[in-house]
Amino acid sequence: MAEPAADPVAGSSALELPGMPPRLYLASPSRLLSWLTCPRQYRFAYLDRPRPTARPQRAHTSLGISVHNALRDWWTLDPARRTPGEAAALVRSGWIPVGYRDEGHSAHWRERAAAEAAAYLAANPPTDEPVGTERTVAVKLDGLALTGRVDRLDARLRTDDPGRYELVVVDYKTSRRPLHPDDARTSLPLALYAAAVWRMFRRRCVRVELHHVPTGAVLAHEHTEESLRRKLAEATSIASDLRKADAQYAEQGVDAPLLGPSPSPLCRWCDYRAHCPDGQQMGPEQSSWAALDSDDAPASWEE
Ligand code: SF4
């Protein structure tokens with residue numbers, strides 16, 4: 001039975017604007033985060049056309065996609081075949097050998113990722129069929145249409161109201177960096193996904209979980225309606241800045257002051273560094289496999 005319409009989108013007075021509703025601004029959490037990371041990187045990725053050529057895919061991105069695909073496809077197997085070993089086999093069969101130092105390096109990480117995926121599922125055996133995997137979700141706020149993709153959406157019995165179900169957003173992480181205790185609580189994308197899921201399915205969704213496949217750790221956070229509203233307000237505030245930046249770009253092109261560089265240590269990992277003299281001043285580029293061999297890669301650019 002449908003939940004009462006108490007979702008945070010419906011009650012978000014902070015998002016109401018007087019007068020005529022503005023034209024919808026289409027955005028994803030990735031677009032919002034790209035802007036926050038560096039306005040010039042945002043310009044390269046979302047405004048310049050033709051888009052500047054990005055550097056070739058890095059190894060940790062290949063690994064992340066391989067593991068995400070395997071964990072998605074695992075659910076398409078007959079239930080009797082859903083074993084940790086089958087997850088390892090899916091990682092091996094769908095391995096993307098791009099960005100590694102050489103063939104041996106790729107093979108080493110393929111086996112390691114396969115073993116990690118199997119160990120993760122052995123430590124966290126899912127019981128019920130998920131509501132969806134790699135499910136696209138969307139929500140409209142005043143002036144903003146947000147879309148994104150949830151790795152896994154579970155339906156679980158509520159702990160505060162036994163007998164009723166709620167929806168849970170699950171996000172797989174494959175980076176070498178261990179999870180920080182605040183990662184689930186502070187994640188803007190996870191909160192936006194929860195709000196979108198609540199709206200789309202008309203069922204309570206406040207719990208978000210990060211599943212760190214390399215260690216099997218699960219980090220959960222339970223939002224409140226209020227904390228979800230705050231995240232929605234944050235998203236609309238960022239989108240408001242993006243509108244201004246986009247308009248300025250339409251008038252002034254690459255000279256738009258709002259779209260200047262924001263040099264930082266992240267520049268050593270930036271996909272568009274070759275087009276950015278300011279970023280090149282921040283030190284040599286990191287190798288394509290650097291994020292696998294250290295745990296200090298910037299979190300926002302990891303899978
Ligand atoms: S290299 Fe640095 S300053 Fe240049 S676009 Fe990338 S992140 Fe921004």
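Predicted model: local features only at pLDDT ≥ 70, side-chain atom pairs only at ≥ 80, totals over all residues.
## Helix α5 and its two partners

Helix α5, which covers residues 103-123, is approached by helix α3, residues 59-73, with the two axes coming within 11 Å and crossing at roughly 40 degrees. At that angle α3 counts as oblique to α5, and the crossing is right-handed. On the α3 side the contact is made by Leu 63, Val 67 and Leu 71, while α5 supplies Trp 109, Ala 113, Tyr 120 and Leu 121. Sorted by class, this contact of α3 with α5 holds seven nonpolar residues, with no polar and no charged ones.

Helix α4, residues 84-93, also packs against α5, and here the axes come within 8 Å and cross at roughly 150 degrees. Because angles over 145 degrees count as roughly antiparallel, α4 and α5 are therefore described as roughly antiparallel to each other; the crossing is again a right-handed one. From α4 the contact draws on Pro 84, Ala 87, Ala 88, Val 91 and Arg 92, and from α5 on Arg 110, Glu 111, Ala 113, Ala 114, Ala 117, Ala 118, Leu 121 and Ala 122. These residues divide into ten nonpolar, no polar and three charged.

## Helices α1 and α2

Helix α1 spans residues 29-37 and helix α2 spans residues 39-47, and their axes come within 6 Å, crossing at roughly 145 degrees in a right-handed sense. In this pair, Ser 30, Arg 31, Ser 34, Trp 35 and Thr 37 of α1 meet Pro 39, Gln 41, Tyr 42, Tyr 46 and Leu 47 of α2. By class, the contact of α1 with α2 comprises five nonpolar residues, four polar ones and one charged.

## The β5-β6 hairpin

Strand β5, residues 207-212, pairs with strand β6, residues 217-222, in the antiparallel sense, and six bridges join the two. The strands form a hairpin with four residues between them, and within the turn Gly 216 has a positive phi of about 80 degrees. His 212 stands opposite Ala 217 in β6.

## Helix α8

Helix α8 runs over residues 225-252, a total of 28 residues, and reaches 40 Å from its first C-alpha to its last, which is close to the 40 Å expected at 1.5 Å a residue. Just after α8 comes Gly 253, which takes a positive phi of about 60 degrees.

Definitions and conventions
Residues numbered from 1 in each chain as written. Heavy atoms only, no water. Pairing = 2+ DSSP bridges. Axes fitted to C-alpha atoms, helices over the stretch in contact; angles between N-to-C directions. Parallel < 35°, antiparallel > 145°, perpendicular 65-115°, else oblique. Left-handed = near helix turned anticlockwise from the far one by under 90°. Contact = heavy atoms within 4.5 Å. Nonpolar A, V, L, I, M, F, W, Y, C, P; charged D, E, K, R; others polar. Expected span 1.5 Å × (residues − 1).
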